[in-house]
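Subject: Structure for your review

Dear colleague,

Please find the structure below, together with its sequence.

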Amino acid sequence: MKQTSNTFLDNAHAALQDPAKVQRRDLLALFAPLIRSAAVDSFGHFDELRQQVKQVKQHTLDHLDHYLEKFEREALRNGNHLHYAGDGDQLNSIVLEICQRHSARRVVKGKSMVTEETGLNDFLKRAGLRVMETDLGEYIIQQAGETPSHIVGPALHKSAAEVRELFLAKHDLGERELAETTDMVAEARLVLREHFLKADVGIIGANALIAQNGYSMLVTNEGNGDLCANLPNVLIICTTIDRVVPRARDATAMLRLLVRSATGQPQTCYTSFYSGPRREHDIDGPLETHIVLLDNRRSEILASDYREMLQCIRCGACLNHCPIYAGVGGHAYGWVYPGPMGSILTPLLTSLEQSNALPNACTSCGRCAEVCPADIPLPDLLRDLRHDETRQKLSSSRWRTGLRLHAWLARQPTLYRAFTSLGIFTLHLLGRRKGGFTRLPLAAGWTSQRDFPAPEGRTFMQQYAAIQREEKAREHKAAQAAAQSQSAEQAGPEPVVAGEPRSRRAPPAAAKPAAAARAKPRRAPRGQAPTERIEPSLGTDWSDDKPGGQGHE
Amino acid sequence: MTNLPTEQPSPRPALRVSLFVTCLADLFRPSVAFASIKLLEQAGCEVSIPLQQTCCGQPAYNTGDYAASAPLARRLIQQFEAADYVVVPSGSCAGMICHHYPKLLEGEWRERALQLAAKTFELTTFLHDIARLKRGERAPIKLPAVTYHDSCAGLRELGIKAQPRALLRELCDAELTELQQTEVCCGFGGTFCAKMPEISGKMVADKLASAVATRAQILAGGDLGCLLNIAGRARRSGETIEVRHIAELLCGDLESPAIGRGQ
């Protein structure tokens with residue numbers, strides 16, 4: 001599939017122009033989290049299980065060679081054929097070669113994101129095969145000539161009315177209403193049944209590969225996976241090396257997290273374990289089974305700082321909880337995997353040059369990591385990709401230079417104060433009456449969507465320094481007065497002046513500044529007209545210009 | 001504002017707090033810093049302001065320029081590590097110190113970052129959980145209906161949710177109405193709002209619509225980034241809801257213009 005990740009901003013702009021689609025996505029973003037949290041809360045010990053499954057995943061990744069070999073041994077023992085594909089082209093060729101060996105003409109597929117990654121459908125079609133998607137969502141978008149917008153619900157972007165129009169146009173079934181969604185589902189079922197029965201080869205994906213027994217696990221809600229796997233004579237399971245888990249119970253533990261995170265169900269309608277080809281006494285099942293294990297840079301990810309991304313179980317929760325995904329939809333991301341997981345996987349599986357906009361499509365709000373059942377620190381990985389982007393100078397030089405300059409300036413406090421004091425006070429003078437700016441040089445991005453609030457007045461540091469100067473001057477005066485009266489005392493007995501008790505005197509000059517500050521009435525210094533009404537006390541004077549000590553014992 | 005007997009003997013030794021003002025409060029909203037000082041003193045703290053402080057390094061860090069950010073992190077550690085507590089009137093800056101400095105720095109600096117993180121608190125968390133600020137003798141502050149915006153970093157990195165609401169209720173008798181989807185980002189995201197303005201604009205428009213739907217007169221929050229964003233959008237769309245930092249509200253400061261409003 002043609003990648004358009006680097007025109008993300010244009011794609012997003014286009015996506016935001018259709019109010020009906022925007023509203024659809026808003027509703028999904030509202031309800032999907034509610035459904036998930038209801039399922040997770042009623043489960044009770046989701047977090048413990050999440051930590052447990054994460055440990056299993058990490059352990060498996062640490063010993064991936066071992067578990068892959070074990071899976072291979074067991075899968076071969078069950079009668080499967082096993083293939084390793086280094087990249088997408090290899091996977092496509094392997095699949096085509098199997099189809100050709102069996103003189104296959106018709107292929108049915110259960111939903112597989114991996115084959116979206118490799119562009120298998122187009123490849124097989126070019127070789128003259130008829131490929132039919134059988135997951136209802138995938139079927140809809142295949143008929144519409146579109147790509148998935150969501151890794152779990154590929155046609156979530158389409159309304160029932162759109163699907164109705166599509167079915168009326170594509171299915172040659174005469175006059176009919178298709179008023180209800182159930183009618184549409186029934187029609188798709190009818191059409192697809194024919195394809196299942198005629199297919200020579202079935203292709204499915206896998207949610208987990210179990211090293212212990214060589215089985216692969218697949219969950220569906222429609223049962224189409226089982227029909228793809230059992231009706232045609234040949235079954236091909238296309239999956240990736242990071243799906244392997246050590247034991248059957250690890251797969252089922254993962255399943256508990258996966259389904260609740262994905263659709264908020266306690267369990268999918270169908271959970272299938274495929275062992276291999278039909279055995280002697282089996283009444284049905286494929287005669288020949290192949291498992292194609294795709295790498296496609298996953299071993300590079302394994303060796304990189306992004307290894308945690310391989311813990312992903314493809315539930316789609318990060319998409320459902322991402323406000324940016326909700327805003328612009330999956331197609332804007334311009335490749336197979338959208339949302340937070342896609343913004344990490346796309347640069348890693350394709351290239352950062354082709355997709356460096358994606359890791360920037362993130363406010364670091366952290367909602368994705370909060371719900372991720374594999375506990376992947378998605379915002380950290382996205383920021384690390386921005387780090388790579390900066391190091392490789394892929395980001396705009398204006399931004400890079402601007403932020404460098406800011407960071408440099410922030411290390412020169414005197415210059416920083418001078419610069420910010422002047423800039424802020426100017427902005428304040430220009431904007432104080434109205435309270436903000438509708439346009440501002442160098443802030444076009446900001447002001448294209450919202451006004452720029454004017455600064456309140458002088459900077460805090462400026463005001464604080466002024467208050468402090470005032471305090472110091474007063475202390476100095478008081479000390480001088482005290483010294484004078486002391487010398488007067490030494491000169492002779494002080495005349496007692498009525499109305500001016502001694503206690504009023506300022507503390508002796510030798511008193512610690514901290515004690516002096518505490519003893520002072522907590523009012524703003526008079527004679528100064530600070531622009532804000534809050535009257536701060538100065539706080540204790542243990543500022544950092546005394547090296548090391550800061551006034552601490 | 002002088003109702004509070006600040007000279008009353010404190011029942012326990014004063015907590016010594018260094019205030020990290022944050023660059024946004026320093027530049028755009030000094031009253032947040034003054035209000036923070038006042039609240040901390042009301043809670044019986046001795047407050048100091050390290051004078052060399054500037055920025056915590058978040059802009060460069062979030063953009064992925066770790067090399068530019070690390071010197072700012074080391075600077076801040078040096079300036080604040082002698083304090084008993086560091087208090088920050090921002091969830092995202094406190095989150096930067098508590099969660100990201102230890103990731104950003106290595107070796108000895110990482111150790112120092114961890115030590116600093118252990119004593120660094122966001123303002124409302126510190127006031128509520130550590131200093132246990134109570135209304136005391138102070139006359140009640142009367143606030144109109146308020147809604148509270150949870151900033152993402154505060155909420156998810158530091159678990160700030162109950163504290164600001166509890167303080168608003170205890171200190172101000174505030175009538176709080178919750179935003180729909182209160183845990184969804186307002187679209188600020190640091191440089192995100194300028195890099196991807198259209199998406200950010202959609203997000204802040206949604207947030208503002210939820211705020212207006214609450215019929216609250218004030219939207220309060222603990223992070224100036226979010227508040228400048230929401231206030232800027234409110235001003236653009238002509239909404240009358242006032243946007244204010246929680247520190248100002250807890251001080252009863254309602255007379256100064258709200259963020260983005262003229263004098």
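In chain B, helix 4 and helix 5 cross in a left-handed sense. Please note that this is a predicted model, and the values given here are computed from it.

The two helices of chain B pack at an angle of about 120°, with their axes 10 Å apart. On the side of helix 4 of chain B, the contact involves B:Tyr66, B:Ser69, B:Ala70, B:Ala73 and B:Leu76, which meet B:Ile97, B:Tyr101 and B:Leu104 of helix 5 of chain B. By class, the residues of this contact are seven nonpolar, one polar and no charged.

Helix 4 of chain B, which spans residues 66-80, also meets helix 6 of chain B, residues 107-118; their axes come within 10 Å and cross at roughly 55°. That angle makes helix 4 of chain B oblique to helix 6 of chain B. The crossing of helix 4 and helix 6 of chain B is left-handed. Here B:Ala73, B:Arg74, B:Ile77 and B:Phe80 of helix 4 face B:Trp109, B:Arg112, B:Ala113 and B:Leu116 of helix 6 in chain B. The residues of this contact comprise six nonpolar, no polar and two charged.

Turning to chain A, its secondary structure amounts to 24 helices and 12 strands. Of its 553 residues, 42% count as buried. Among contacts in chain A between residues at least 6 apart in sequence, 73% join residues at least 24 apart.

Strand 5 (residues 208-210) and strand 6 (residues 215-220) of chain A run antiparallel and are joined by three bridges. One bridge links A:Ile210 with A:Tyr215 in strand 6 of chain A.

Which residues of helix 8 of chain A are buried? They are A:Leu136, A:Gly137, A:Glu138, A:Tyr139, A:Ile140 and A:Gln142. These buried residues pack against strand 3 (130-133), helix 9 (160-170) and helix 10 (181-198) of chain A. Just after helix 8 of chain A, A:Gly145 adopts a positive phi of about 70°.

Finally, the two chains meet in a contact that takes 70 residues from chain A and 81 residues from chain B. The chain A side of this contact divides into 27 nonpolar, 24 polar and 19 charged residues. A:Arg367, found in helix 18 (residues 367-371) of chain A, has a partner in the other chain: neighbours within four places in sequence aside, A:Arg367 is in contact with A:His321, A:Cys322 and B:Glu183. A:Arg367 and A:His321 are 46 residues apart in sequence but 6.3 Å apart in space, C-alpha to C-alpha. A:Arg367 counts as buried because 24 other C-beta atoms lie within 10 Å, where the cut-off is 20 or more.

With kind regards

Conventions
Residues are numbered from 1 along each chain as its sequence is written. Chains are lettered from A and ligands numbered from 1 in the order in which they are written. This is a predicted model: local features need pLDDT of at least 70, side-chain atom pairs count only at pLDDT 80 or more; totals for chains, interfaces and linings use all residues. Axes are lines fitted to C-alpha atoms, for helices over the stretch in contact, and angles run from 0 to 180 degrees between N-to-C directions. Helices (H or I, at least four residues) and strands (E, at least two) are DSSP runs, numbered from the N terminus. Angles under 35 degrees count as roughly parallel, over 145 as roughly antiparallel, 65 to 115 as roughly perpendicular and the rest as oblique. A crossing is left-handed if the near helix is turned anticlockwise from the far one by less than a right angle, and right-handed if clockwise. Two residues are in contact if their C-beta atoms, placed from the backbone, lie within 7 Å. Ala, Val, Leu, Ile, Met, Phe, Trp, Tyr, Cys and Pro count as nonpolar, Asp, Glu, Lys and Arg as charged, and the others, Gly among them, as polar. Two strands pair if DSSP finds at least two bridges between them. A residue is buried if 20 or more other C-beta atoms lie within 10 Å of its own, exposed if 12 or fewer, and partly exposed in between; C-beta atoms are placed from the backbone.
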